[in-house]
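Here are my notes on this one, written as numbered points. Have the structure open while you read.

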Amino acid sequence: MDFSFTPEQEELRARATDAGMEWRDEAAVWDAENDAPYEKLNERFRDLGLLGLTMPKEYGGKGGTVIDYVIVTSALFRASQSWVCGEPPFCTSGPGPSIVLMAEREETRQKFLPDIVTGKKGCALALSEPAHGSDLTHLETTAVRDGDSYVLNGSKRFITGAIFNDLYAVFARMTDEPGARGIGAIIVEKDTPGFTMNRGPEFVASRGIPHGELYFDNCRVPAENLVVGAGKFADLMTAFNMERMHNSAYSLGFAEAAYDEAAKYAQQRVSFGREIIEFQSSYHMLADMWVQIEAHRLLTYKAAATARDGRFPEGMESTISKLYGATMLPQLTLNAIQLHGGDGVTMDYPVQRIHRESLISLAAGGAPPLLRNTIASRLFPHRRFSQTRS
Ligand SMILES: Cc1cc2nc3c(=O)[nH]c(=O)nc-3n(C[C@H](O)[C@H](O)[C@H](O)COP(=O)(O)OP(=O)(O)OC[C@H]3O[C@@H](n4cnc5c(N)ncnc54)[C@H](O)[C@@H]3O)c2cc1C
């Protein structure tokens, strides 16, 4: 077992770190103004070779591994201290493109993937609905086959990249079968008649790009846009494991960023005539932070190493690493704030923003209780129970 990076992986990490550092100051402004220049960022990352990391070369990707993906995204989060910098790799090689890669017809893959993978067209992932978030198997949006089209009705909320993106991979009910069995996924293009969007609510974190609402009112989509029909929900969720890897890299990068800020502050701030790092409570707090980061790093890379074909990490490992990161990060960033004293609760230090970003890990991509359900049901397969009231 060798835990060290290869020279190529070291180079990738250095490239991503430099890329993240380029945007660190500007990223604070994106957060304050709730507006990020996503196109500009995408172009820069394309020039740096950081798009389509895990996607096959035949569609314009780099043909890399999920480990490459984690190296790049965690380094970007740490260096830029901004979630926005993770979006170009996410949108060009995360769960959205992984789902499109599952399209049953090559024609569909050719129609969409090259533009998605090279960052020419962003593809948002639209699962959550106003009445259904954790209970995805209860989705109400419908996509009904009519001749050579599907007709969509319903709504989605919290969709990252709404308005900004050209494409939307929409999960919808395609048959009358109840639960997960009736759900499939289809791509809806921006400007399709019957499809409207808004920016949605203002978030305390994950700012700069909208997490908006989508509305489908007899929206007619060509049947060739079908990615996966009803009956393959489990396959769709396999691609969703990339979301969990992204969430894990997110927790890793932001935990490191909080540690960096706390370590810097603790070595500069003087109290009772000595730097506060010399008080053992501060000294130990930094040590505890580092141990949590190291544990999470191992879980994240272990999960990434289980990926098949560079894209499909195992459900159990990716869920474990997401859960650990999601529960560790908010507390670790609070400790970083505590080490800053009063400065930590001003808007003058980045640690408040890093802490706000940590809150996203409690919902996006699956809330911790749902992750625990997944893990426990794998540990005790004969004790699985329905979450639905009977
Ligand atoms: C910043 C951000 C970006 C997002 N981006 C996207 C996106 O791009 N696309 C998309 O489709 N969605 C997106 N989401 C939505 C996200 O996936 C949901 O918020 C998440 O799945 C939780 O759903 P919910 O908000 O409806 O909460 P609910 O499902 O209503 O959960 C509320 C609470 O109840 C608990 N709960 C619910 N069911 C159970 C259960 N069975 N057992 C125990 N506890 C339970 C939850 O853990 C939670 O604490 C985003 C969310 C955020 C915050």
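1. Domain 1 and domain 2 of this predicted model bury about 2,000 Å² between them, and 62% of that is on carbon and sulfur atoms. Buried area here is the accessible area (1.4 Å probe) that two parts lose on being put together, summed over both. On the domain 1 side, Asn34, Trp83 and Phe112 lose the most area to domain 2, together 29% of what that side buries.

2. Where do the domains run? Domain 1 is 7-117, domain 2 is 123-231 and domain 3 is 234-383, with bounds from an automatic or database domain assignment.

3. There are 3 salt bridges between domain 1 and domain 2; a salt bridge is a side-chain nitrogen of Lys or Arg within 4 Å of a carboxyl oxygen of Asp or Glu. Separately, look at glutamate 224: its salt bridge with lysine 111 has the closest N and O atoms 2.8 Å apart.

4. Now try glutamate 357. This residue is buried (under 20% relative accessible area, 1.4 Å probe, protein chains only), yet has no salt bridge. The nearest side chain of opposite charge, arginine 353, is 5.4 Å away. A polar atom of the glutamate 357 side chain does lie 2.8 Å from the backbone nitrogen of serine 206.

5. A word on the numbers. Residues are numbered from 1 along each chain as its sequence is written, and side-chain values use heavy atoms, with hydrogens and water left out. Local features need pLDDT of at least 70 and side-chain atom pairs count only at pLDDT 80 or more, while totals for chains, interfaces and linings use all residues.

Methods: Buried < 20%, exposed > 50% of the residue type's maximum accessible area, 1.4 Å probe, protein only. Lys, Arg positive; Asp, Glu negative; His and termini not counted. Polar contact = N/O pair within 3.5 Å; in protein donor to acceptor, adjacent residues only side chain to side chain.
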